[in-house]
Amino acid sequence: MPHITLITGSTLGNAEDFAEYLTEKLQLAGFSTTLLHGPNLDELHLSGQWLVITSTHGAGELPDNLQLLSTQIKQQKPDLSQVYFGAIGLGDSCYDQFCGAIKKLEQQLIARGAIQMGKKLEIDVAKYPIPEIAAEKWLIDWMAKFSSD
């Protein structure tokens, strides 16, 4: 099974807690994992599998702990063509920019050549206050993409 690097962005810690849950699920399925909360670009391997999980802050913005990574991607323009990624956003549909942060980061990764595996999952915390419930089927489907290659 491949190694998955989970990258989180969180303001209040909800995305971090959620990522820790997903890490356990991935490990139980036989994947090795690394969990990075708000990493810098130089902490990431520019190849392999990433699972990006972020909440949305303010008016559709990335949380503070992912701002630096986003800026580094914009400025350094790394070649991410060897990165395969999944994307999960946490947000509240009461706001106009629902899951705006994951949409922005998803676009940045694709613009740098990263290959998205499956559709992004946007979890409405107003509907699913426990995001783990909303993610169960998505995660199973996402993990299956690695065994079907």
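The model is predicted, so local features need pLDDT of at least 70 and side-chain atom pairs count only at pLDDT 80 or more, while totals for chains, interfaces and linings use all residues. Residues are numbered from 1 along each chain as its sequence is written, and side-chain values use heavy atoms, with hydrogens and water left out.

I start with Q49. It is found in strand β3, residues 47-55; strands here are DSSP runs of E of at least two residues, helices are runs of H or I of at least four, and both are numbered from the N terminus. Is Q49 buried or exposed? With a relative accessible area of 17%, Q49 is buried, where buried means under 20%, exposed over 50% and partly exposed in between, using a 1.4 Å probe and protein chains only. Leaving aside residues up to four places away in sequence, Q49 touches P2, H3, I4, T5, Y84 and F146; a contact is heavy atoms within 4.5 Å.

F146 takes us to the rings. Rings of Phe, Tyr and Trp (its six-membered ring) pair if their centres lie within 6.5 Å; planes under 30 degrees apart are stacked, over 60 edge-to-face, and the rest tilted. By this rule there are three aromatic pairs. F31 and F146 make an edge-to-face pair, because their planes stand at 70 degrees, with the centres 5.7 Å apart. That pair links distant parts of the chain, 115 residues apart: F31 is in the loop between α1 (14-28) and β2 (32-37), and F146 is in helix α4, residues 131-147. Both are buried.

W138 and W142 form a stacked pair, 5.7 Å centre to centre with 10 degrees between the planes. Both lie in helix α4, four residues apart, about one turn of the helix. W138 is buried at 14% relative accessibility, and W142 is buried at 1%. Ring pairs link F31, W138, W142 and F146 into a cluster.

Last, the largest pocket. A pocket is an open set of points on a 1 Å grid over the protein atoms alone, where a 1.4 Å probe fits, with protein on both sides within 12 Å along at least five of seven lines; lining residues have an atom within 4 Å of a point. How many residues line the largest pocket? There are 22, of which N14, S55, T56, L90 and G91 lie nearest its centre. The elements giving two or more residues to this lining are α1 and β4 (82-91), and α1 gives the most, with three residues.
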